[in-house]
Amino acid sequence: MSIGARCGSCARELLLGQLLQSSDGFRCPFCGFAFAPAYATVAPGVAARVMAAQAALVTALAELGSMTGDRLRLDRTTILDPIANTLPEAETKQPALAREHRARWWARDAAAQPTQTISHR
Ligand SMILES: [Zn+2]
């Protein structure tokens, strides 16, 4: 199980697992951008906790699910929302960068669906 991330400077994709070596200084492996400038020594440990917590949660949910089956249905939103709410939208932190990303997404959508504009006419 891996957690994907994107550099706030060069916008390249990486994995959280690539940042666990404290000797690397919690920096972008591509451009060297410091992800947690004041916390370079502790951030790798916190990242490791995030990954371990995700794995533990997934394992426990699967285990409980195998015991209960359809007799107990956990509310997905009450499990996922508290996690999703800790992850701010890109535009709230880096307006310029988010705009750039959105432009790329639009471009990608347009390229992927060339017939979309025609079908609307
Ligand atoms: Zn980078």
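This is a predicted model: local features need pLDDT of at least 70, side-chain atom pairs count only at pLDDT 80 or more; totals for chains, interfaces and linings use all residues.
Mentor: Residues are numbered from 1 along each chain as its sequence is written, and side-chain values use heavy atoms, with hydrogens and water left out.

Trainee: Why is alanine 11 called buried?

Mentor: Buried means under 20% relative accessible area, exposed means over 50%, and partly exposed is in between, with a 1.4 Å probe and protein chains only. Alanine 11 has 10% relative accessibility, so it counts as buried. Alanine 11 lies in the loop between strand S1 (4-6) and strand S2 (13-15), and has a positive phi of about 65° although it is not a glycine.

Trainee: Which class does phenylalanine 26 fall into, and why?

Mentor: Phenylalanine 26 counts as buried because its relative accessibility is 11%. Phenylalanine 26 also has a positive phi, about 55°, without being a glycine. Its place is the loop between S2 and helix H1 (43-68).

Trainee: What makes a set of residues a nonpolar core, and which residues form the largest one?

Mentor: The members must be buried Ala, Val, Leu, Ile, Met, Phe, Trp, Tyr or Cys residues, joined through side-chain atoms within 4.5 Å. The largest core here has nine residues, among them Cys7, Leu14, Phe26 and Cys28. Of the 121 residues of the chain, 13% count as buried.

Trainee: What is cysteine 28 in contact with, beyond its neighbours within four places in sequence?

Mentor: Contact means heavy atoms within 4.5 Å. Cysteine 28 is in contact with Cys7, Cys10, Phe33 and Phe35.

Trainee: How do you know that arginine 6 and glutamate 13 form a salt bridge?

Mentor: The term requires a side-chain nitrogen of Lys or Arg within 4 Å of a carboxyl oxygen of Asp or Glu. The closest N and O atoms of arginine 6 and glutamate 13 are 2.9 Å apart, so the pair meets the limit. Arginine 6 is partly exposed at 36%, whereas glutamate 13 is exposed at 55%.

Trainee: How many salt bridges does the structure hold?

Mentor: It holds two. Arginine 73 forms a salt bridge with aspartate 70, at 3.7 Å between the closest N and O atoms, and both residues are exposed.

Trainee: Why is the pair of phenylalanine 33 and phenylalanine 35 called edge-to-face?

Mentor: Rings of Phe, Tyr and Trp (its six-membered ring) pair if their centres lie within 6.5 Å; planes under 30 degrees apart count as stacked, over 60 as edge-to-face and the rest as tilted. The structure holds two aromatic pairs. For phenylalanine 33 and phenylalanine 35, the centres are 6.1 Å apart and the planes at 85°, so the pair is edge-to-face. Phenylalanine 26 and phenylalanine 35 are also edge-to-face, with 6.2 Å centre to centre and 85° between the planes. Phe26, Phe33 and Phe35 form one aromatic cluster.

Trainee: Which class do phenylalanine 33 and phenylalanine 35 fall into by accessible area?

Mentor: Phenylalanine 33, at 37%, counts as partly exposed. Phenylalanine 35, at 25%, is partly exposed.

Note on methods. Helices (H or I, at least four residues) and strands (E, at least two) are DSSP runs, numbered from the N terminus.
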